[in-house]
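Let's take a walk through this model together. Have the sequence and the 3D view ready, and follow along from one stop to the next.

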Amino acid sequence: MIIPLYNTEKYIEACIASVLSQTHRELEVIVVDDGSTDGGAAIAESIADKRVRVDRGPNRGGAGARNRGLALAKGEIVAFLDADDLWYPDKLSEQISVLRSDRDVVAVGAVFHYLSEDGRRPLSQIGQDARNADTRERMQRGQLAPFPINSCLIAWADAVRAAGEYDESLPVVEDIDLMSRLALAGSVATVMRPLGAYRLHSGSLSAPRQHARVKMFMRFVEQRATARLEGRPTPDLESFVSSYRPTRAQRRQDAAARRFRDAGMLAMEGRYVRATPLCALALAARPWYTLRRIVAHLSVRRTPSAVAQGGI
């Protein structure tokens, strides 16, 4: 399994410990240090377990670090985990069981908890059934990440390589891009119970400029994936970026999405006074979009017993 590491010394020890605590014991842990300037790589190197290997190199970005890990990986199954996130003990065993039970399945995800920055409490959860026909088409079109791909995904290594690995020209949303290609190659499944935790940070609220940049690359990925699915020529990234001008409707939707996301993160931390006006602004900008998002979040069932079983 592959952990890209970049300046996350605060979390890497707990991250690796969650991997080494897996009930599935046969694994190799490849920590790819992506040009960190802190002590994270040294912490990883100090872990006395022969299954852990640290590869130091220059900064190449998340996609490049994951591809480097994939080049070093020897197993037939590959898994990915970001250095600030965690796995619960049964994650690999449950996912591998699904992957091996059906040769049409090329990749498996799972429901993940959102985790407070201090790692002490789950806040909510994310994940949906990737085998649903509508979900699969949206994945193929680059419109959806059904689970936190970079910390949740396991797949046949050859399938990831055949799909073209991570696109290193994409600075963001490279995970959604990879998922669009894997979903064309075969079936993607989801274990519908929490098997890990995705950590939220106090600095995760989106700045408008950063959010707009992410949306631009998401629209490129969607256009390229849809063209690929429909057998049309795919757009060039440089040309797309140079000519990109979001429409007024897109700008309104993006603003609503940013405000709703930030409101949701604040609400998960119990900061309802700050969350309420942001949610109101999202409703004012795009009422039906925001209401659909609210209904979708309310429909997600929290399962505290699964947290206890996972042992954060």
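Which residues of H8 are buried? They are Glu174, Asp175, Ile176, Asp177, Leu178, Met179, Ser180, Arg181, Leu182 and Ala183, where buried means under 20% relative accessible area, exposed means over 50%, and partly exposed lies in between (1.4 Å probe, protein chains only). That makes H8 a mostly covered helix, with 10 of its 12 residues buried. Helix H8 runs over residues 174-185 and reaches 17 Å from its first C-alpha to its last, close to the 16 Å expected at 1.5 Å a residue; the expected span is 1.5 Å times one less than the number of residues.

Before going on, a word on what you're looking at. This is a predicted model, in which local features need pLDDT of at least 70 and side-chain atom pairs count only at pLDDT 80 or more, while totals for chains, interfaces and linings use all residues. Residues are numbered from 1 along each chain as its sequence is written, and side-chain values use heavy atoms, with hydrogens and water left out.

Now zoom out to the whole chain. Its secondary structure comes to 14 helices and 9 strands; these are DSSP runs numbered from the N terminus, with helices being H or I of at least four residues and strands being E of at least two. Of the 312 residues, 49% count as buried. The accessible surface is about 14900 Å², and 51% of that belongs to carbon and sulfur atoms; such areas come from the Shrake-Rupley method with a 1.4 Å probe, and for residues only the protein chains shown count as cover. As for contacts (heavy atoms within 4.5 Å), residues 24 or more positions apart account for 75% of those with a separation of 6 or more.

Next, look inside. A nonpolar core here is a set of buried Ala, Val, Leu, Ile, Met, Phe, Trp, Tyr and Cys residues joined through side-chain atoms within 4.5 Å. The largest one has 60 residues, and Ile3, Val29 and Leu153 have the most contacts inside it. Strand S6 (residues 105-115) gives the most to this core, with 6 residues. To see who surrounds Val29, skip its neighbours within four places in sequence: Val29 is then in contact with Met1, Ile3, Val19, Leu20, Arg51, Val52 and Arg53.

What about cysteines? Cys15 counts as buried at 0% relative accessibility, and Cys152 counts as buried at 0% too. The structure holds 0 disulfides, a disulfide being a pair of cysteine sulfur atoms within 2.5 Å.

Charged side chains are worth a stop as well. A salt bridge is a side-chain nitrogen of Lys or Arg within 4 Å of a carboxyl oxygen of Asp or Glu, and by this rule there are 17 salt bridges. One of them pairs Arg66 with Asp82 at 2.8 Å, N to O. Arg66 sits in helix H3 (residues 61-72) and Asp82 in the loop between strand S4 (77-79) and strand S5 (86-87), so this pair ties together parts that are 16 residues apart in sequence. Arg66 is buried at 5%, and Asp82 is buried at 18%.

Compare that with Asp158 and Arg161, whose side chains meet at 3.4 Å, N to O. Both lie in helix H7 (residues 157-162), 3 residues apart, about one turn of the helix. An α-helix has 3.6 residues a turn, so residues three or four places apart point the same way. Asp158 is exposed at 58%, and Arg161 is partly exposed at 31%. Elsewhere, salt bridges that share partners join Glu137, Arg141, Glu230 and Arg232 into one network.

Most residues other than glycine have a negative phi. Asn7, though not a glycine, has a positive phi of about 55°; Asn7 is in the loop between strand S1 (2-5) and helix H1 (12-20) and is partly exposed at 31%. Val173 has a positive phi of about 50°. Val173 belongs to the loop between H7 and H8, and is buried at 11%.
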